[in-house]
Every structure is written in C-alpha cells, then in structure tokens.
Amino acid sequence: SERPFRIDAGDTSVECDPDQKMLDAFLRAGVWIPNSCNQGTCGTCKVRISTGTVDTPPPLDTVLSHTEQEQGFVLSCQSVPTSNLEIDSVTVDSSARHHVLRDISGTVGSIRQVADDTLTVTVMLDEPLEFTAGQYVELSIPGTGATRPYSMANPPGQDGELEFHIRRQPGGAATDGWIFDGMTVGEPVAMTGPWGDFCFTPDDPDLGLILLAGGTGLAPLKSIATAALELDPEREIHVYHGVRFESDLYDVEHWQTLAANHPGVNYTPCLSRGQWSGRTGYVGDAVIADLPSCKGFSAYLCGPPAMVEAGVKALKRRRMSPRRIHREKYTPAI
Ligand code: FES
C-alpha cells in the first residue's frame with residue numbers, strides 16, 4: 001500500500017512513508033533519536049523493534065552484535081518499515097540540540113583551493129538553516145541519487161551561507177566526479193540536514209576546550225571554536241590540527257589570527273609525515289606533551305577513526321572525564 005506506516009515509540013508516534021528510513025522519519029517529525037553517521041557504520045541509531053517488520057540490509061557484526069540482532073535491534077538509519085511498528089521508547093539525548101531535519105537548497109557561492117587536494121566551498125542558502133555547531137548536512141551528488149556528509153565549518157546563526165572543507169578522494173563520485181571536476185559557482189545544491197549528534201554543548205561556560213582535528217575534520221571544530229568564542233571571547237581553547245604534510249595544512253592564517261585576538265586560544269598544527277620548523281607527530285602525543293592534566297576541559301575530536309581513538313586515549317591518560325569527550329569519526333566521503 002502507499003499509505004505511510006506508523007511507528008509507535010512509547011509516548012511518541014511518527015508516520016513513515018513506504019520508502020523512508022525510520023531515522024529520517026523521526027528527525028523530520030522533530031523527534032530526536034541519537035544518530036551520528038547515517039551510513040550504518042556507527043550503531044548510534046539502533047532501536048529495538050517489539051512488533052512489526054522492516055526491510056534492512058544485514059548490519060555489520062561490529063555495529064550490531066548477533067545477540068542484539070536476535071533481540072530485535074535494527075539500525076534505524078538503514079531500516080524501512082514494511083508494516084506498522086512498535087519500538088521501545090527512544091532515548092532522548094538531552095545534550096544534543098534538536099533541530100528538525102529537512103530538505104535544504106542553495107547555490108554554490110565560492111570554491112577555493114586551500115591546500116593540496118582540499119577545497120573550501122561555500123553554499124548560499126535559499127532559507128536560513130538552524131543547526132548546532134558540530135553538525136553536518138548531506139549533499140546530493142547531481143544525477144546519482146547518492147549523498148555525502150559534510151560538516152559545517154561556519155558557526156550557526158550566519159543565516160545566508162554554509163562553509164564546507166572538502167578533501168579529494170581519488171575516484172570518488174562526489175569529489176572526483178563532481179566537486180573537483182566541474183562544480184561551478186552559482187550551480188544549485190540540494191542537501192538534507194542538520195544531521196548528527198556531534199554537538200557543541202556549552203554545558204559549563206568555564207570549561208576550556210581541547211579540539212583535536214585530523215585533515216578536514218577541522219571543519220566542525222572551526223564551527224565549535226567560533227561558537228564558543230562568541231559566548232566567551234576569553235575561553236581557553238587548545239586546537240590541534242593533524243595533517244600529513246605541510247602542503248595539507250589550511251586555514252593556518254585563520255587560526256593564527258584567532259590566537260592573536262583571543263588570549264585563551266592556542267593553535268598547534270602537527271605534521272605526522274612531513275618535516276618543518278613546527279610540531280611533528282600525532283595530535284594525541286602533542287596533547288600528552290603539552291598538557292599535564294586535561295581535567296576541567298571538554299574535548300571534541302573529529303578525524304579518521306585511528307586518529308580519534310588515539311586522541312581519546314591521550315585525553316584519558318591526562319585524566320579527562322569520559323563524558324566530556326565528544327567524538328566524530330569520519331568515513332572518508334568519496
Ligand atoms: Fe545509524 Fe550510524 S549506524 S547513525
């Protein structure tokens with residue numbers, strides 16, 4: 001039938017179209033359920049179905065264990081109802097800011113090469129977008145039906161324009177096939193968003209921030225740093241940006257200017273492969289070397305999974321409380 005299915009979750013109920021993913025239905029209805037990757041790789045969005053059936057690709061064992069699958073857990077970002085559903089009441093993550101997911105349209109405002117294989121692209125929005133610093137949107141690749149996630153690098157509240165940092169992935173449909181190959185200023189861009197629960201939570205205004213980025217994982221941290229400084233220009237913020245070679249570094253001047261204008265801001269670019277007069281090695285090791293204790297800070301990490309895991313280890317070694325560690329692992333958007 002073409003009628004939407006109903007999903008009941010405790011006190012909450014949403015309608016889901018026959019080809020719509022459950023997570024999409026919840027977020028578009030303004031009902032927040034935890035979510036991160038929207039690609040079936042993180043497990044954040046799992047829900048337990050008590051009644052009803054879904055169409056879902058087999059989940060990775062590492063994301064949903066066999067036991068969980070037997071208990072009726074599914075990944076809501078991958079599952080389409082094939083009947084009305086009852087699921088266990090959804091856990092509302094009170095630390096996340098809840099913005100309704102929607103379709104967004106705009107046009108390319110600028111395209112700038114900022115480092116080797118790295119572009120900064122801005123999109124002028126047709127209508128303002130509400131989001132929380134750290135979140136992302138999914139860009140539709142024209143003519144393919146596929147989407148790719150990109151985090152906003154601008155802070156919320158700059159209504160007209162979004163900034164994205166985009167790294168070329170050789171052979172990738174989005175980057176090689178479109179963004180690095182023929183994207184033009186003025187062309188229309190279709191997106192959905194905002195997605196994700198990697199959200200700046202200014203829970204304690206006195207808390208300093210440690211921001212660890214790998215590559216273009218810098219984008220959401222730029223948004224977070226800007227939002228944090230808008231709230232408190234004196235806030236202590238330690239930014240570590242890890243890249244392989246000096247030619248991969250970008251936005252250096254932006255961070256140096258920020259550090260010059262804000263006494264609390266420290267910016268440390270680190271090269272993991274290249275040699276130069278600045279810091280070398282991994283960002284986690286730099287934190288260990290620089291900060292005798294990370295107590296009293298909160299941290300945001302975004303980058304490749306290995307970098308994020310090493311960074312989390314370093315912060316824990318320096319006594320950061322695990323609940324103050326926020327992380328976003330990105331799977332490269334090819
Ligand atoms: Fe669904 Fe990551 S697995 S949001």
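In the predicted model, Arg 48 has Phe 73 of strand 5 as its bridge partner. This bridge belongs to the pairing of strand 3 (residues 46-51) with strand 5, which is antiparallel and runs over 3 bridges. Strand 3 also pairs with strand 7 (residues 85-87), again in the antiparallel sense, over 2 bridges. In that pairing, Ile 49 stands opposite Ile 87 of strand 7.

These strands are part of an open sheet of 5 strands, in which the order is 2-1-7-3-5 and the pairing is mixed. Strand 2 (12-16) and strand 5 (73-75) each have a single partner strand and stand at the edges, so one side of each lacks a neighbour in the sheet. From one strand to the next, the twist averages 35 degrees.

The loop between strand 2 and helix 1 (22-28) contains Asp 19. With a relative accessible area of 67%, Asp 19 is exposed, because the cut-off for that class is over 50%. The C-alpha atoms of Asp 19 and Pro 81 are 8.0 Å apart in space, while the two residues are 62 residues apart in sequence.

Thr 216 lies between strand 14 (208-214) and helix 4 (218-231). The relative accessibility of Thr 216 is 16%, and this residue therefore counts as buried, the limit being under 20%. When neighbours within four places in sequence are left aside, Thr 216 is in contact with Thr 118, His 165, Ile 166, Arg 167, Tyr 250 and Tyr 330.

For the protein chain as a whole, 7 helices and 19 strands were assigned. The C-alpha trace spans about 65 × 45 × 35 Å along its principal axes. The radius of gyration of the chain is 20 Å, which agrees with the value near 20 Å for a compact globule with 334 residues. Of these 334 residues, 51% count as buried. The accessible surface of the chain comes to about 15,300 Å², and carbon and sulfur atoms account for 48% of this area. Among contacts between residues at least 6 apart in sequence, 71% join residues at least 24 apart.

How values were computed. Residues are numbered from 1 along each chain as its sequence is written. This is a predicted model: local features need pLDDT of at least 70, side-chain atom pairs count only at pLDDT 80 or more; totals for chains, interfaces and linings use all residues. Side-chain values use heavy atoms; hydrogens and water are left out. Two strands pair if DSSP finds at least two bridges between them. Helices (H or I, at least four residues) and strands (E, at least two) are DSSP runs, numbered from the N terminus. Axes are lines fitted to C-alpha atoms, for helices over the stretch in contact, and angles run from 0 to 180 degrees between N-to-C directions. Buried means under 20% relative accessible area, exposed over 50%, partly exposed in between (1.4 Å probe, protein chains only). Contact means heavy atoms within 4.5 Å. The radius of gyration is taken over C-alpha atoms; the globule rule is 2.2 Å times the number of residues to the power 0.38. Accessible areas come from the Shrake-Rupley method with a 1.4 Å probe; for residues, only the protein chains shown count as cover.
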